[in-house]
Amino acid sequence: MAGDVLWRLRLPRILLAVFTGASLALAGLLLQDFFRNALVEPGLLGVSAGAGLAAVMVIALGVGGLWVLPFAAFAGALGALALVLAMGRRLGAGNAELLLVGVALNALAAALINLLLSLGDNTTLRSANFWLMGSFAQANWELLLPSAVLLLLTVTRSWQHSTALDVWQLGETEAAHLGLDIQRFRREILVLASVLVALAVAQSGGIGFVGLLAPHMARRLGFVKHRQLLPASLLLGAMLAVFADWLARVLIAPLELPVGVLTALIGAPAFLLLFLRRRT
Amino acid sequence: MIALSGVSCHFGAHRVLQDITVTLESGCIALVGPNGAGKSTLLRLCTDGGRYFSRAGITGDICLDGSALKNMAPDALARRRSFLPQQHADALRLPVHDLLCLAAWPHGRSDLASATTKPLYEQALQTWELTSLASRLYDELSGGERQRVQLARTWLQMRLHPLAHERLWLLDEPQNSLDLPHQQRLRQSLCQEARTGALVIFSTHDINFALRTADRILVLKSGRLHAAGSPDTIADPVLLQDVFGVAFDRMQHPADGIPWLLPH
C-alpha cells in the first residue's frame with residue numbers, strides 16, 4: 001500500500017518537479033546568454049504565455065482527457081515561438097526586436113486569458129487559476145516518459161553548444177569571426193529554450209522564478225564556463241522545484257498550496273538577497 | 001591575398017567608402033585617416049565581406065585568394081583570419097585562460113594543452129605579459145589588460161593556422177588603452193608576423209606608430225583611398241596636412257633615421 005502510493009503518486013510528482021525545474025533553469029540560462037542580459041527569464045519570449053492561453057482555452061471549453069491539456073499547452077507554446085521567429089525575421093531579427101515581440105505577445109495572451117476567465121463560470125475560473133499558478137499534482141507516468149525523452153534531447157543539444165555559448169559571450173560579431181554560424185545558432189538556441197519552456201509549462205502550469213533564479217545561483221557559486229554552468233543550473237533548478245513542491249504540500253497540510261506561488265515566494269527574496277550580498 | 005576592386009559601402013544615404021581598389025599581398029599595412037574616414041569599415045569588409053552589417057549597401061568585389069570573401073564559410077575563414085575589434089563586450093565573465101582557449105575553437109580544439117599548441121599559448125602569455133593574469137576574470141581587468149587579452153586571443157586564433165603565408169591578422173586601433181611598453185610589444189608582434197609571411201592590417205591614429213611599424217600605409221580621406229605607399233612617401237607634410245588639416249614638421253628619428261612627424 002505504502003509502496004503503491006510512492007510509486008503512483010510521490011515518485012512521479014518528484015520527477016515532474018525535477019524535470020520542470022531543470023527545464024526552466026536551462027531555458028533561463030540559454031535565454032540569459034542569448035540576450036546577454038541577466039534579467040531575462042523564460043517567460044519573456046511570450047512562449048509560456050502562449051502555452052497559458054491554449055491551456056485556459058481548453059479548460060474553458062471543458063475538453064477533458066489526460067493528454068489534451070498538456071498537448072494544447074505545448075502547441076500553444078510552439079505557436080508563440082513560431083510567431084516570435086516570424087516576426088523577428090520581418091523586423092530584422094535584432095535582440096531588442098525579439099524582446100519587443102515577446103512583450104507584445106505576453107500582453108496579448110494575458111488579455112485573452114483574462115477575457116476567457118471573465119466569461120467563464122466558477123469551475124472554469126478555479127481550475128484555470130489553479131493551472132496558471134502551477135502544480136505538480138497532476139504528475140503521471142504516461143506523460144513523464146515522453147517529456148523525459150524530450151528533455152534529454154534538448155539537454156544533449158545544449159551541452160553540444162556549451163563552448164559555442166562561451167564564444168557567444170564575446171559578442172555576436174566576434175562569435176561570427178570565430179567561425180560560429182550565428183544565424184543558425186540564434187535560431188537553435190531560441191528553439192531549444194522554447195521547447196524547454198513548453199515542456200515545463202505544458203505539464204506543470206505557470207511556475208515562476210526558477211528560470212531566473214537557478215542560473216543566477218549557479219553563477220554565484222562561481223561557475224563561469226558553460227561546461228559547468230549547464231549542469232549546475234539543471235541541478236539547482238531541479239532542487240528548487242522539489243523543495244518548493246515539498247513546502248507546498250506540508251505548509252498547510254492536508255490542504256495544498258499552488259507551487260508557483262511558493263517558487264515566487266521563495267525565489268523573489270532569494271533573488272534580491274543574491275544582489276544585496278554581491279554589493280557587500 | 002586580399003583584392004578589393006571598386007568597393008563602395010553606404011549606410012542609408014551616408015557613404016562610408018567610395019570606389020576603393022587596392023591589392024594587399026603580405027606584410028604590415030597601416031590604415032590612417034581622420035575620424036570617420038572609413039578605416040574601421042574597410043577593416044570589417046576585409047574581415048567578413050561586410051556580411052554582418054545591418055542595412056549596409058556594399059558594391060564592388062572583395063576577394064581572398066581569388067574567391068569572394070562574403071561567400072566563404074565563417075568557420076573556414078576563422079581558421080586563417082582573426083580580427084581585433086575596436087570595442088569589446090565588457091560583461092564577459094571568463095578567466096583569461098579560458099578566454100584565450102576560445103581562440104582554438106575554430107581549429108576544432110577546446111583547449112591549448114596539446115604538445116603543438118602549448119608553446120603558442122605560453123608565447124602568447126609572455127608576449128602580452130599575461131602570465132600573472134591567466135586565472136583572473138576578464139571583467140575584473142583594467143582596460144589595458146583587457147586589450148592585451150584580446151590581442152593575445154586574436155594572435156592565437158591566427159597563429160594556430162599552420163600556413164604562415166595564409167594567415168591574416170586584422171586589428172582596429174590595436175594601440176587602444178596600451179601603455180608605452182606594450183605599444184612597443186605590439187609593434188614587434190605586428191612586424192614579426194608580417195615578416196613570417198602573414199598579412200597584417202591595422203588602423204591607427206598614431207602616424208608615427210604607422211611609420212615605424214608598417215611596410216605600406218593606406219591613407220583614407222572621406223571614404224576614398226587618398227594615398228598609398230611606403231612610410232617614406234607617406235611621411236610628406238603636405239600630403240598629411242591635406243588629410244588631417246594639421247601642419248607637420250618632418251624630422252628624422254635620431255636613433256634609426258626613420259621619418260618622424262611632429263604636428264604643430
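Reader: How are helix 4 of chain B and helix 5 of chain B oriented to each other, parallel or antiparallel?
Author: Helix 4 of chain B and helix 5 of chain B are roughly antiparallel, a term for angles over 145 degrees, with under 35 being roughly parallel, 65 to 115 roughly perpendicular and the rest oblique. Their axes cross at roughly 150 degrees and come within 10 Å. Axes here are lines fitted to C-alpha atoms, for helices over the stretch in contact, and angles run from 0 to 180 degrees between N-to-C directions.

Reader: What should I know about the model and the numbering?
Author: This is a predicted model, in which local features need pLDDT of at least 70, side-chain atom pairs count only at pLDDT 80 or more, and totals for chains, interfaces and linings use all residues. Residues are numbered from 1 along each chain as its sequence is written, while chains are lettered from A and ligands numbered from 1 in the order in which they are written.

Reader: Where do these two helices lie, and which residues of helix 4 of chain B meet helix 5 of chain B?
Author: Helix 4 of chain B covers residues 118-127 and helix 5 of chain B residues 143-159. Helices (H or I, at least four residues) and strands (E, at least two) are DSSP runs, numbered from the N terminus. B:Leu120, B:Tyr121 and B:Ala124 of helix 4 of chain B meet B:Ala152, B:Trp155, B:Leu156 and B:Arg159 of helix 5 of chain B; contact requires C-beta atoms, placed from the backbone, within 7 Å. By class, this contact has 6 nonpolar, no polar and 1 charged residues. Ala, Val, Leu, Ile, Met, Phe, Trp, Tyr, Cys and Pro count as nonpolar, Asp, Glu, Lys and Arg as charged, and the others, Gly among them, as polar.

Reader: Which hand has that crossing, left or right?
Author: Helix 4 of chain B passes helix 5 of chain B in a right-handed crossing. The near helix is turned clockwise from the far one by less than a right angle in a right-handed crossing, and anticlockwise in a left-handed one.

Reader: Turning to chain A, at what angle do helix 2 and helix 5 of chain A cross?
Author: The axes of helix 2 (residues 47-61) and helix 5 (residues 122-133) of chain A cross at roughly 155 degrees and come within 9 Å. Helix 2 of chain A is therefore roughly antiparallel to helix 5 of chain A, and the crossing is right-handed.

Reader: Which residues meet there?
Author: From helix 2 of chain A come A:Gly52, A:Ala55, A:Val56, A:Ile59 and A:Ala60, which meet A:Thr124, A:Ser127, A:Ala128, A:Trp131 and A:Leu132 of helix 5 of chain A. They divide into 7 nonpolar, 3 polar and no charged residues.

Reader: How many residues of chain B contact chain A?
Author: In chain B, 22 residues are in contact with 18 residues of chain A. Helix 1 (39-48) and helix 2 (74-78) of chain B each give two or more residues to that side of chain B. The largest share, 3 residues, comes from helix 2 of chain B. By class, the side of chain B that touches chain A has 13 nonpolar, 5 polar and 4 charged residues.

Reader: Now the sheets. In what order do the 6 strands of the open sheet in chain B run?
Author: The order is 6-7-8-3-9-10, with mixed pairing. Strands pair if DSSP finds at least two bridges between them. Strand 6 (81-84) and strand 10 (224-229) of chain B are the edge strands, each pairing on one side only, and the twist averages 15 degrees from one strand to the next.

Reader: What about strand 7 of chain B, which partners has it and is it buried or exposed?
Author: Strand 7 (residues 168-172) of chain B pairs with strand 6 of chain B in the parallel sense over 4 bridges, and 5 bridges join strand 7 of chain B to strand 8 (residues 199-203) of chain B, also running parallel. B:Phe83 has B:Leu170 as bridge partner, and B:Leu171 has B:Phe202. In strand 7 of chain B, 5 of its 5 residues are buried, meaning 20 or more other C-beta atoms within 10 Å of a residue's own; 12 or fewer is exposed and in between is partly exposed, with C-beta atoms placed from the backbone.
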